[in-house]
Amino acid sequence: MRMPAELDPETLRALLAAARSARRRAHAPYSTFKVGAAVLDERGRIHAGANVENASYPEGWCAETSALAAFVAAGGKRVRALAVAAHSKVPTTPCGGCRQRLAEFAQADCWVFATGAQASPAAPQRWTLGELLPHRFGPPALRRRRAGTERLR
Ligand code: THU
């Protein structure tokens, strides 16, 4: 896959800062694993969110999901990049469910940045959505199915 264009350094800084700032407001009293996330939309706007845990453990959700909800509520249509901020030694990449949620709004060339306790927070590790979720199921599959169904009628 062709690698996507670089984000300009100022935008990347702002995206990481938004994820880190959301992390401070995470509600994670059970795992104590606070996570913040921020998405960059097609208009250059940034939408952030944090993980929200619950006393009924399975009802909690991830920071990426919160950020995507904020993006949708603000009228965002396409995610260009996502940043995740946690304090883990191993960089925190979005869980499988959040990769799938991101894929609803992003192309394979969407950047995913992870910043955490690693040596240089200014140089986050990064992947593309295509690397993190290859052969994904997404909206195009349903469009093909609908087209196929029409032919069967
Ligand atoms: N978590 C996230 O918010 N994002 C991730 O990418 C991984 C995990 C949250 C879910 C839960 O509140 C806590 O981290 C521990 O799994």
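The turns below go through the labels one at a time.

Guide: One point first: this is a predicted model.

Visitor: What are the elements of the chain, and how do they run from the N terminus on?

Guide: The order is α-β-β-α-β-α-β-β-α-α. In total the secondary structure comes to five helices and five strands.

Visitor: What makes β1 and β2 a pair?

Guide: Strands count as paired if DSSP finds at least two bridges between them. β1 (residues 36-41) and β2 (residues 46-50) have five bridges, so they meet that definition. The sense is antiparallel. One of the bridges links Val39 to His47 in β2.

Visitor: What lies between the strands of that hairpin?

Guide: Four residues lie between the strands, and Gly44 in the hairpin has a positive phi near 85°.

Visitor: Why are β2 and β5 called edge strands?

Guide: The open sheet has five strands in the order β2-β1-β3-β4-β5, and its pairing is mixed. β2 and β5 (125-128) each pair on one side only, and they are the edge strands. From one strand to the next, the twist averages 20°.

Visitor: Where does helix α2 lie?

Guide: Helix α2 (residues 63-73) lies across β1, β2 and β3 (79-85), and runs at about 140° to β2. Its buried residues are Ala63, Glu64, Thr65, Ser66, Ala67, Leu68 and Phe71. These buried residues pack against β1, β2, β3 and α3. After α2 comes Gly75, with a positive phi near 90°.

Visitor: How do you know that the buried residues of α3 are on the same side?

Guide: In α3 (residues 96-103), the residues Cys98, Arg99, Leu102 and Ala103 are buried. They cover an arc of only 145° around the axis, which means that they sit on the same side of α3. As a general point, an α-helix has 3.6 residues a turn, so residues three or four places apart point the same way.

Visitor: Why is Thr92 called buried?

Guide: The cut-off for buried is under 20% relative accessible area. Thr92 has 17%, so the label buried applies. Thr92 sits in the loop between β3 and α3. Leaving aside neighbours within four places in sequence, Thr92 is in contact with Phe33, Val84, Ala86 and Ala114.

Visitor: What makes the pair of Thr92 and Ser88 a polar contact?

Guide: A polar contact needs N or O atoms within 3.5 Å, and within protein one must be able to donate a hydrogen and the other to accept it. The side chains of Thr92 and Ser88 make such a contact at 2.7 Å.

Visitor: Is Cys110 buried or exposed?

Guide: Buried is the word, because the relative accessible area of Cys110 is 2% and the cut-off is under 20%. Cys110 is in the loop between α3 and β4 (111-115). Not counting residues up to four places away in sequence, Cys110 touches Val79, Arg80, Ala81, Leu82, Leu102, Trp127, Thr128 and Leu129. For Val79, which is 31 residues from Cys110 along the chain, the C-alpha atoms of the two are 7.0 Å apart.

Visitor: Why is Glu10 called partly exposed?

Guide: Buried is under 20%, exposed is over 50%, and partly exposed is in between. Glu10 has a relative accessible area of 49%, so the label is partly exposed. Glu10 belongs to helix α1 (residues 9-24). A polar contact of 2.9 Å joins the side chains of Glu10 and Arg13.

Visitor: Which residues surround the ligand?

Guide: The residues around the ligand are Ser31, Phe33, Val35, Asn51, Glu53, Cys62, Ala63, Glu64, Thr92, Thr93, Pro94 and Cys95.

Terms used:
Residues numbered from 1 in each chain as written. Predicted model: local features only at pLDDT ≥ 70, side-chain atom pairs only at ≥ 80, totals over all residues. Heavy atoms only, no water. Helix = DSSP H or I, 4+ residues; strand = E, 2+ residues; numbered from the N terminus. Axes fitted to C-alpha atoms, helices over the stretch in contact; angles between N-to-C directions. Contact = heavy atoms within 4.5 Å. Buried < 20%, exposed > 50% of the residue type's maximum accessible area, 1.4 Å probe, protein only. Arc of directions from axis to C-beta. Near = heavy atom within 4 Å.
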